[in-house]
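Please examine the structure shown below. The report that follows describes selected features of its backbone, its sheets and the surroundings of its ligand.

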Amino acid sequence: MTRHTPPPPSTGCRNAPVLKQRGQHEVFCGLTGIIWLHRKMQDAFFLVVGSRTCAHLLQSAAGVMIFAEPRFGTAILEETDLAGLADAQNELEREVDRLLSRRSDIRQLFLVGSCPSEVIKLDLARAAERLTMKYAPRVRVLNYSGSGIETTFTEGEDACLASMVPTLPETDKRQLMLVGALPDVVEDQALDLLAQMGIEDVTVLPARHADTEVTVGPNTVFALTQPFLGGTHAALERRGARHLPAPFPFGEEGTTAWLQTVAREFGVDQARFGAVTDAPRARARKAVAKATETLNGKSVFFFPDSQMEIPLARFLTRECGMEAIEVGTPFLHRAVVGPELDLLAEGPQLSEGQDVDLQLERCRAAQPDLTVCGLGLANPLEAEGLTTKWAIELVFTPVHFYEQAGDLAGLFSRPVRRREALKLGATA
Ligand code: SF4
């Protein structure tokens, strides 16, 4: 049976007290974003300027040999570089020369900073500038930091997109910019829905290919598709673009609210909006309803990891009937997640930042039916009998917009069902 999403709460969480935590973090660093960014930008190369640890992280996160050189790799800083005994700047530029002379398919090169490159204060911005002058117009070289100190893994995408914004050509054109690296098939669905509503002037950041012109200016309005793009949001506003604050396109309700915000901005009338969205909305509701049979009435606890926690808590509580006990997020960016907080009914403890031991104590005391957390915490919590979901899967799996709403709900219902099946097996 399809569950009806409740009306918006009279008191949402926008002004709810937030527990600020400043302790030990248990998260992956921003280098992780390269795994999905290199798939999205098909002629870009990501050169991590880091240590063997960084290379190992990428290798294990990507599950491939990075030295096989697909479209990302590591320029390894050796001990002599770290001790300041070698000119790492010159060595890096020689490494880029070697790479670009071999690989004519590379059109954009990102020099990605890491903890070691930051410790030795390697000036990647200067290197990127020099290399751009040398290789323009064939290759554009940009830089951003994927360093792990006090960051979380989704910040890599934010830093990458923010690094592109200052280089975008200026335009006066009235246009919509979609911001966020979605899988191509999902992006196509979104563009198709917008086109059916008559919104045709749409540009996407990041573009799939370097030669697709992405422009920005005072008549650009932008809609974020991911809640972790606070830096890109600020960079676009500096270029004069205007943000359309909206819930994120997770689940039927989030997708409808997101599309409605865009439709209102472009003067799409309700009849046309309904004609375009009624059928996919019904499909999404039906798909979510299947998972809801498992999730309804269950409790969920979020550790801060992906920065997607608040929109997901909204989806799970409002569309799947779950109860959120704690919603932890690494950063609470109100300009970005404000509309989500309005929809999330008062009740859960909101927390920002992390103090992992204290949070583990709260989680153990609450004994939630489902805990959403990073890889490092999931196995120990499973061993203690808690059911977990890895937050990182949410960025590797297509979960946005109507056609993926059922898959999104399924990501949460599967571990709960598996645990129930194991319990039944044990008592049989
Ligand atoms: S946390 Fe720092 S040293 Fe470790 S992999 Fe990430 S960038 Fe490299």
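## Residues with positive phi

Gln 367 is partly exposed, because 13 other C-beta atoms lie within 10 Å; a residue counts as buried with 20 or more such atoms within 10 Å of its own C-beta atom, as exposed with 12 or fewer, and as partly exposed in between, the C-beta atoms being placed from the backbone. Gln 367 is located in the loop between helix 14 (356-366) and strand 13 (370-373). Helices (H or I, at least four residues) and strands (E, at least two) are DSSP runs, numbered from the N terminus. The phi of Gln 367 is near 45 degrees, a positive value in a residue other than glycine.

Gln 307 also has a positive phi, near 70 degrees. This residue lies in the loop between strand 10 (299-302) and helix 12 (309-318). Gln 307 is buried, because 26 other C-beta atoms are within 10 Å. Most residues other than glycine have a negative phi, and most peptide bonds are trans.

## Basis of the model

The model is predicted: local features require pLDDT of at least 70 and side-chain atom pairs count only at pLDDT 80 or more, while totals for chains, interfaces and linings use all residues. Residues are numbered from 1 along each chain as its sequence is written.

## Cis peptide bonds

A cis peptide bond, with omega of about 0 degrees, connects Ala 136 to Pro 137. Pro 137 belongs to the loop between helix 6 (124-135) and strand 5. Another cis bond leads from Leu 205 to Pro 206, with omega near 5 degrees, and Pro 206 is in the loop between strand 7 and strand 8.

## Strands and their pairing

Strand 5 (residues 140-145) is largely enclosed by the rest of the structure, because 5 of its 6 residues are buried. Strand 4 (residues 108-113) pairs with strand 5 in the parallel sense over 6 bridges; pairing requires at least two bridges found by DSSP between two strands. Val 112 is placed opposite Tyr 144 of strand 5.

Strand 8 (residues 220-224) is joined to strand 9 by 2 bridges in the parallel sense, and Phe 222 stands opposite His 243 in strand 9.

## Helix 11

The 26 residues of helix 11 (residues 270-295) have end C-alpha atoms only 32 Å apart, short of the 38 Å that a straight helix would reach at 1.5 Å a residue. The expected span is 1.5 Å times one less than the number of residues. A kink of about 45 degrees is found at Thr 277, shortly before Pro 280; the bend is the angle between axes fitted to the seven residues ending at a residue and the seven starting there.

The buried residues of helix 11 include Thr 277, Arg 285 and Leu 295. Just after the helix, Gly 297 adopts a positive phi of about 85 degrees.

## The ligand shell

Among the residues surrounding the ligand are Cys 29, Thr 53, Ser 114 and Gly 148, a residue being near if its C-beta atom, placed from the backbone, lies within 6 Å. Helix 2 (residues 52-62) gives the most to this shell, with 3 residues.

The shell comprises 5 nonpolar, 7 polar and no charged residues. Ala, Val, Leu, Ile, Met, Phe, Trp, Tyr, Cys and Pro count as nonpolar, Asp, Glu, Lys and Arg as charged, and the others, Gly among them, as polar.
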